[in-house]
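Dear colleague,

Please find the structure below. My notes on what was found in it follow directly after.

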Amino acid sequence: MKNAKYQLNNEDVVVIIGSGAGGGTLGNALAQKGIDVVCLEAGPRLTLADIENNDQKMFEKLTWLDERISEGDLIPNFPLWTCKTTGGTTVHWTAACPRLEEFETKTRSVYGEIENTNLADWPFAYKELQQHYKDAEKLLGVTGTHGVPMLPANNNYKVMEAGAKKIGYKDTDTNHMAINPEARDGRPGCLELGFCSAGCAVGAKWSTLYTEVPRAEATGHYELRPQSMVTRIKMGANNRVTGVEYIDADGKLREQKARLVCVAGNAVETTCLLLNSSTSEFSNGLANSSDQVGRNYMRHVSVPTLAVMPGEVHMYKGAQIAGVVRDEIRNDPSRGFVGGFQFHTLPFSPDVLVNLTMNGKWGREVTDIMKDYRNMAGLMAFGEDLADPDNRISLHPTKKDRNGLPVPIVRYKLHKNSLAMAKYAQQKSEDLYRSLGATKTVSGGLMPSTHNMGVARMGIDPKTSVTNPWGQTHDIDNLFVSDGSLFPSAGSANPTLTIIALVLRQAKYIGSAVVKGEP
Ligand SMILES: Cc1cc2nc3c(=O)[nH]c(=O)nc-3n(C[C@H](O)[C@H](O)[C@H](O)COP(=O)(O)OP(=O)(O)OC[C@H]3O[C@@H](n4cnc5c(N)ncnc54)[C@H](O)[C@@H]3O)c2cc1C
Ligand code: SF4
């Protein structure tokens, strides 16, 4: 089937902004239903041949490097790590696909009232989410589901597993991963080379770049326009969106008409698009009558730990985060905090190790540690971050980027619950490695967030949420949010499987509405 090509004045297309986990998956799901989709993607379209086994080079090729200002407990000017490329951050991601636990979708009911938080339950039953998890796991070929085998254990995992068992944990394995252990779905099996976050040059790791996007194109109902940076969502009469303005690959300002617009830019860009599109009627930004757009920004409480082991580990070999310990995913306030966390294997390349974990500092401690690189093992504890309305993304009042758009400010302060969780997780991580005779452990340090959630939360009440339970904004019927911005709570699970479950659910809702001539 030939790729579709739509006119700028075609008012019948669904416009999706972004081709990552949310936008890429939604686009294919709609195109498979015969709905015409134009996907506007700010980044270029790479092929597998552009992917190199080189972390630094791929970071430069893939990462969204436009200025973002940090405020609070964040790395200066690099608060979070997302991508500007076709496939979005699924080109960089490491593909761990755990589900949220039921209690993590009911934080308001289970944790109660907590100072300086804005906790909310998810607006539909967990049972329903589970159904969509099954669809998402099938789509991605997640290991340990639908008959897909688990990945083999690499050395870094074997060390973590042995230490975990020694200190009494039981629930550990090579995790549910969107990485083929063997050839499946037109893609090869994993070669265990360990460059997952540089992009996977063989395509064993699921990414919308080479799964959902080409499949959508093959339907003849989907047009991808790479290097197309959307700058504004346009409003018309009767409270309806009419299309979007974007800067195309030649630097020209264009306007694409639309029957419906779905925003899937990942937390910062989704917020910027909604706030930058204000009109005299929506002076606070689109879909923002609740004043919740940009608020409740959540990441994960992240505690990296490195240990120097008595023997060689070569932690960089194998699928990078194929290893999990789940025993701490529970709500047990006797530990001194609400919510839970999980441990994942996390190997660090030498440059990342110095830049991130040591926050760029050189000194005796760093050099002493680096000489033991071969003997190092590494993990990261990911924990639940509580929604706080003052952790927010907003627009700088005067500073503009090269497109003349306000530079975003990401403000994030660790809640005292997160600090208590981090301290506990750090101690447990160190105990785990020390139980095996680690001669040195280093924990903590600021990390840029790779998991971004919550800035356009879904809910029932338009006064306290931005969208309804299907991601349709309360204020504007034909404007949807289609990424992790929808999460009312973060849980401790890496977010992408849940993003995909939500957009598959959304695609059914949009599909039936389009058939009925709505919205
Ligand atoms: C190193 C790394 C490792 C990770 N590992 C994991 C993991 O193991 N498990 C997990 O669950 N998650 C992981 N993540 C997070 C995961 O990648 C994201 O949760 C997921 O990709 C988010 O999907 P999204 O659709 O919201 O955004 P993205 O995938 O970031 O896609 C957004 C897209 O929108 C485009 N865009 C934004 N604004 C505009 C605009 N104005 N106009 C046009 N296009 C625009 C961007 O260019 C981008 O392509 C990881 C992330 C990183 C960085
Ligand atoms: S370890 Fe597997 S998933 Fe990761 S880059 Fe290598 S082949 Fe791809």
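What order do the strands of the open sheet of three strands have, and is the pairing parallel or antiparallel? The order is 6-7-8, and the pairing is antiparallel. The model is a predicted one, in which local features need pLDDT of at least 70 and side-chain atom pairs count only at pLDDT 80 or more, while totals for chains, interfaces and linings use all residues. Residues are numbered from 1 along each chain as its sequence is written, and chains are lettered from A and ligands numbered from 1 in the order in which they are written.

**The sheet**

Strands are DSSP runs of E with at least two residues, helices are runs of H or I with at least four, and both are numbered from the N terminus. Two strands count as paired if DSSP finds at least two bridges between them. Strand 6 and strand 8 (253-257) are the edge strands, each pairing on one side only. Six bridges join strand 6 to strand 7 (residues 241-247) in the antiparallel sense. Within strand 7, E245 stands opposite R232.

**The ligands**

A residue is near a ligand if its C-beta atom, placed from the backbone, lies within 6 Å of it. Ligand 1 is surrounded by 41 residues, with G18, G20, G88, N494 and T496 the closest. Helix 1 (21-32), strand 6 (229-235), helix 7 (267-276) and helix 11 (496-515) each give two or more residues to this shell. The largest share, three residues, comes from helix 1.

Around ligand 2 there are 13 residues, of which C190, L193, C196, C200 and K205 are the closest.

Yours sincerely
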